[in-house]
Amino acid sequence: MPITPMEVYKLLPKTNCKKCGEQTCMSFAFKLINREKKLEDCIPLFEEKKYAIQLKELQKLLEPLKEATETGLIVDEQLCVGCGNCVVVCPVHAADDPKGMGSGFGPTIDDPILRMEDGVVKVIEMMKCRRYGKNRVLCVACRENCPTDAIRFLEG
Amino acid sequence: MKFGKFIRKTTIGIVVVRDSLQGEVADNKFGEEFWKRSAVLYLHPEYAREMGFREGDVVELEKDGRTLRLRVLYSDTAPEEGAMMPNSIFSNFLIGENKKRFAASIAPSDGDVTEVDEIVFSNTN
Amino acid sequence: MATCTGCSCLCPDIVVQAGVLNACRKGSSIFMHSKDNRAKPMVSGREVDMEVALEKATEMLSSSEKLAIYGMDTIPLEAQEVAIKLAERKEAFIDDNSTFCLGDFVEMVLRGILPSTTLDEAKSNAYVIFYWGTDPFQSLSRHMSLYTYYPRAGKRQRGYEEDRYLVVVDVRRSHTAKLAKKNARFIKVDSDDALVEGFLSTMDGRAGNYYEDTARILKEMQRGRFNVIFGGLGLKYGLKGKYEKFVEMMRKMNELAEVYFIPAGFHANMRGFNELMFEKTGFVNRYSFDTETSRPEYEFSELVRNDAIDTALVIGSDPVNSLPFDVAQKLRKKNLILIDPKLSLTSKIAEVVIPSAITGVDQGGTMVRSDGVRIKIDPLWEAEWSDRKILNELLRGVR
């Protein structure tokens, strides 16, 4: 289940103190989910005892994001057969490597988002995925073409 | 004679298929992985519930006097009515002219899943 | 770059360094496990020197009066040629897996009964990609991403959502079937004949079985102008050996648009064996160099069942695993020579085991892809004893 900014906001101090660098706690909540900010950036949450319970709950809520922090895209290797559909279908790959991945082959560039290694798909350069960053879009191309649901997204 | 053999003994249609994860370990047919991924019977979860089989159960298939015990696994790619198993020495133990489909009788089993060597060195005809 | 010989896709873009890049699960395992479980020369279950095993094999072949050579679908053309020569020298039977796999379809393609094309043409031009009785996701994992539905090439630059129409026909909702979503159709069949009839009816202007599905697909074929049907084992066994209606259906479809047939896939060089045999004898499999013809009873399984042979030379196959039980049982009583790179269930019952090489890893050669294109394969390194060298040695010594 995707984590929503509202769920996160409810557990924050909600003082808009701006110590994290954001104008509002809601804005911080969004940035937390997109991994543009870390929980540690909210100084009062860690320094003030009255937020102890909220901190614990927040850490629990954001636990799945921790793994996703490194990859964002999760591949369940037990389910992946190495069909390459996700690698070829990716619109970023089609644009960056038209004669390679765009045409069905393995990558001819060094930093694809995904590639097949030892028979299963591995995430290499997650940040190139269109789902992340400032102008993110809700792209589900890889997930839609994985019939075993091996590839998944882990954020809201 | 197992009492359970006479209860719910019913005929089931089985489709033989290729399975990538089984194919991956087929270069070592003596290994446990090959056995684990070959001596299985895939059932659609809804059909399994109707039949009264849970994942992990051992079932006994019988055809023309030959019996085989396999572990039940769920798969939503299995036929809605019937079952599915990977192409291997196990499926070939029961197969007939049609290498893709055959019918066998199925019943719950208290025994252990058949081992590869049991078939290789079997003396039944 | 290496070529993978895991199946008839013969993917040419594999990179083997610290790990294996670009190969599917099955293909990767060939490279990753290449050093595991390798066969050793054996006679009567005891390890011997290679020369001893070769000598014993030559002896067995020489004294054989009714020999069958079987397998060969995983070795290169250059080695298959020697095996065929050996069969000819001994007036032996020769057969491979295609007899119970897609040999029928390969034969129809080679005879021109079914129009065919290449995977590269399919990639560049095909609109309707039709998988009939096959689950490439499991059996030919990169088929759809490297050759058919997903790549952007030639006239199909806009990707699968706009430039391809996927059709999947199967008795169950396989993984491949799950991919038939928007611009696509999944047809669940119980009888493939019924669907063939359905297409014929619709083309005749009558509403028969599967009317809605067939009407839509035929329309898409007309729209796409270049289309390919990939037929697998489900189709073969579904049609129960009677192909006339299917051939008629293909012919009629070709009055509406270009509709080609490519056998979906099989062992890496099964088609190579079929093509060599066809060129030499006019038949693709189950052949006797004694009677100089092909008959159903010359199928390897039948020869074993009917005690029609006294010796079997099995090359690159594991019949104890892949043939029906009664055949596997009977093989135990035959004089069996096995040439294989790995220890297998058949190696447990063989009189002689001769270790050979793995194509693409430690032996090279030419193999024929499922669409008939010849692929030259360079190995990563060269083993001392390739299949070709072993077979030449046997051919040299046999009487």
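How many Å separate the centres of domain 1 of chain C and domain 2 of chain C, taken over C-alpha atoms? The separation is 33 Å. This is a predicted model, in which local features need pLDDT of at least 70, side-chain atom pairs count only at pLDDT 80 or more, and totals for chains, interfaces and linings use all residues. Residues are numbered from 1 along each chain as its sequence is written, while chains are lettered from A and ligands numbered from 1 in the order in which they are written.

**View 1. The two domains of chain C.** Chain C is divided into domain 1 (37-100 + 268-397) and domain 2 (103-263), with bounds that come from an automatic or database domain assignment. In domain 1 of chain C, 13 residues are in contact (C-beta atoms, placed from the backbone, within 7 Å) with eight residues of domain 2 of chain C.

**View 2. Surroundings of C:Ile69.** Leaving aside neighbours within four places in sequence, C:Ile69 is in contact with C:Ala83, C:Leu86, C:Ala87, C:Ala92, C:Ile94, C:Leu313 and C:Ile315.

**View 3. Strand pairing in chain B.** Strands (DSSP runs of E, at least two residues, numbered from the N terminus) pair if DSSP finds at least two bridges between them. Strand S1 (residues 10-17) of chain B runs antiparallel to strand S6 (residues 101-108) of chain B, joined by six bridges, and B:Thr10 stands opposite B:Ile106 in S6(B). Strand S3 (residues 58-63) of chain B also pairs with S6(B) in the antiparallel sense, over four bridges, and here B:Val59 stands opposite B:Pro108.

Definitions and conventions: Contact = placed C-beta atoms within 7 Å.
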